[in-house]
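This report walks through one structure, part by part. Have the sequence and the model ready.

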2 protein chains.
Amino acid sequence: MVAIEFTRELHSRFGIDFNNVDLLEEAFTHSSYANEHRELGVHNNERLEFLGDAVLELTVSEYLFKKYPHVPEGKLTRMRAAAVQTRSFASFSREAHFDQYIRLGNGEENAGARHRDTLLEDLFEAFCGALFLDQGRKR
Amino acid sequence: MVAIEFTRELHSRFGIDFNNVDLLEEAFTHSSYANEHRELGVHNNERLEFLGDAVLELTVSEYLFKKYPHVPEGKLTRMRAAAVQTRSFASFSREAHFDQYIRLGNGEENAGARHRDTLLEDLFEAFCGALFLDQGRKR
């Protein structure tokens, strides 16, 4: 189960309340945890990451398109690439304390995966995928 | 100006009516036309193509995610790559008769660019970008 303190934090810091908490739980389940706990039948967050990647791509694209009405396509593309870097999304995950709540398998936990940029990037994308399914793009 | 018969065709074949016809016009303006007619101050369709690319990425991702609830991420990614090929989008452009309506400069026209897959792909993406701005994702 997703920790109660986490859902409280999402509400108090970001005004986000999930209708379907299962989606949130899926977003915070690393494949290593799902593999180690097959008896629970939980889904890992990779499908949500696939979706969230596209959600973020459009969100950033729309933002840049509207904010810079006179910037040509080539430069917009470079700006988008700079915005969606691993490091940016990993830092969003940390700021939101996502790193404290992801469920990892023991092997990955011991290897320090919880603090790895690529894992935190994927987690941020999965969270955005879950949020999109739960609430749509317009908040 | 966008040809009247084209806006009629969009309405009758696809039920699409643009609120802002300027967006439609921008989508159907190739850079070669804008360059040859600087006095008109028209925008080419490259910025809309930038946006439309991301719109299509999310549309295809959401469709695959929901249609195939048990397919893992790796396979979804391969299916998405197959779906967003140049050839697919170019054929959509042809089916919708977009190739008849894009405005090209003389040089590109004479070089046969109107029938080129890459141009028709870009045109389809630009159209989707314009449609997204005009009407949002949910139709």
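## Where H4(A) meets H8(A)

From H4(A), Leu48(A), Glu49(A), Leu51(A), Gly52(A), Asp53(A), Val55(A) and Leu56(A) touch H8(A). Their partners in H8(A) are Asp122(A), Glu125(A), Ala126(A), Phe127(A), Cys128(A), Gly129(A), Ala130(A) and Phe132(A). Contact here means C-beta atoms, placed from the backbone, within 7 Å. Helices are DSSP runs of H or I, at least four residues, numbered from the N terminus. The contact holds nine nonpolar, two polar and four charged residues. Ala, Val, Leu, Ile, Met, Phe, Trp, Tyr, Cys and Pro count as nonpolar; Asp, Glu, Lys and Arg count as charged; the others, Gly among them, count as polar.

The model is predicted: local features need pLDDT of at least 70, side-chain atom pairs count only at pLDDT 80 or more, and totals for chains, interfaces and linings use all residues. Residues are numbered from 1 along each chain as its sequence is written, while chains are lettered from A and ligands numbered from 1 in the order in which they are written.

## How the helices cross

The axes of H4 (residues 46–67) and H8 (residues 117–135) of chain A come within 7 Å and cross at roughly 80°. H4(A) is therefore roughly perpendicular to H8(A), a label for angles of 65 to 115 degrees. Axes are lines fitted to C-alpha atoms over the stretch in contact, and angles run from 0 to 180 degrees between N-to-C directions.

## H8(A) itself

H8(A) has 19 residues. From first C-alpha to last, H8(A) reaches 27 Å, close to the 27 Å expected at 1.5 Å a residue. That expected span is 1.5 Å times one less than the number of residues. In H8(A), 15 of the 19 residues are buried, so the helix is largely enclosed by the rest of the structure. Buried means 20 or more other C-beta atoms within 10 Å of a residue's own. Just after H8(A), Gly136(A) takes a positive phi of about 75°.

Ser61(A) sits in helix H4 of chain A. Ser61(A) counts as buried because it has 26 C-beta neighbours inside 10 Å. Leaving out residues up to four places away in sequence, Ser61(A) touches Arg80(A), Phe50(B), Leu51(B) and Ala54(B).

Between the chains, 17 residues of chain B contact 17 residues of chain A. H4(B) gives the most to this side of chain B, with twelve residues.

How values were computed:
Contact = placed C-beta atoms within 7 Å. Helix = DSSP H or I, 4+ residues; strand = E, 2+ residues; numbered from the N terminus. Parallel < 35°, antiparallel > 145°, perpendicular 65-115°, else oblique. Buried ≥ 20, exposed ≤ 12 C-beta atoms within 10 Å, placed from the backbone.
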